[in-house]
Amino acid sequence: MCDRNSKSSAVPNLRNGINHVEYQRKLKGMSEAALRFTIADCKEALENNPDGDKANYYSDEIIYCGIELSDRR
């Protein structure tokens, strides 16, 4: 889930970036409901603050959660 207040949500890297390999591994253990919630939460965060420091991070989360959902079909 998007953590709008912490610099350590999900699997962080430097400067609010994502550790892409570790994050994708983490998603495999999440339920479909959790993946969908994360997508919705990150979309809301981006709508409220599209130019924020974590905008790219949230975009990555949305993409990777979507890929994980697609892979499960």
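Two residues are taken to be in contact when heavy atoms of one lie within 4.5 Å of heavy atoms of the other. On this basis, in the predicted model, Glu 68 touches Leu 27, Lys 28 and Leu 35, residues up to four places away in sequence not being counted. Glu 68 is part of helix H3, and with a relative accessible area of 8% it is classed as buried, because the limit for that class is under 20%.

The protein contains three helices and zero strands. Read from the N terminus, its elements follow the order α-α-α. Of the 73 residues in the protein, 37% are buried. Among contacts with a separation of 6 or more, 68% are between residues 24 or more positions apart.

Two packed helices are described by the angle between their axes and the distance between the axes. Helix H1 comprises residues 20-27 and helix H3 residues 55-71; the two pack at an angle of about 45°, and their axes are 10 Å apart. H1 is therefore oblique to H3. The crossing in which H1 passes H3 is right-handed. On the side of H1, the contact is made by His 20, Tyr 23, Gln 24 and Leu 27, while H3 contributes Asp 60, Glu 61, Tyr 64, Cys 65 and Glu 68.

H2 passes H3 in a left-handed crossing. From H2, the residues that meet H3 are Glu 32, Leu 35, Arg 36, Thr 38, Ile 39, Cys 42, Lys 43, Ala 45 and Leu 46; their counterparts in H3 are Ala 55, Tyr 58, Ser 59, Glu 61, Ile 62, Cys 65, Gly 66, Glu 68 and Leu 69. The contact of H2 with H3 is made up of ten nonpolar, three polar and five charged residues.

Two aromatic pairs are present in the structure. Tyr 23 and Tyr 64 form a tilted pair, with 6.3 Å from centre to centre and 50° between the planes. This pair links distant parts of the chain, as Tyr 23 belongs to helix H1 and Tyr 64 to helix H3. The two residues are 41 residues apart in sequence, yet their C-alpha atoms are 8.1 Å apart in space. Both Tyr 23 and Tyr 64 are buried; for Tyr 23, this classification follows from a relative accessibility of 1%.

Tyr 57 and Tyr 58 form an aromatic pair that is edge-to-face, with a centre-to-centre distance of 6.2 Å and 75° between the planes. Tyr 57 counts as buried because its relative accessibility is 3%. Tyr 58 is likewise buried, its relative accessible area being 6%.

Technical notes: Residues numbered from 1 in each chain as written. Predicted model: local features only at pLDDT ≥ 70, side-chain atom pairs only at ≥ 80, totals over all residues. Heavy atoms only, no water. Axes fitted to C-alpha atoms, helices over the stretch in contact; angles between N-to-C directions. Helix = DSSP H or I, 4+ residues; strand = E, 2+ residues; numbered from the N terminus. Parallel < 35°, antiparallel > 145°, perpendicular 65-115°, else oblique. Left-handed = near helix turned anticlockwise from the far one by under 90°. Phe/Tyr/Trp six-rings, centres within 6.5 Å; stacked < 30°, edge-to-face > 60°. Buried < 20%, exposed > 50% of the residue type's maximum accessible area, 1.4 Å probe, protein only. Nonpolar A, V, L, I, M, F, W, Y, C, P; charged D, E, K, R; others polar.
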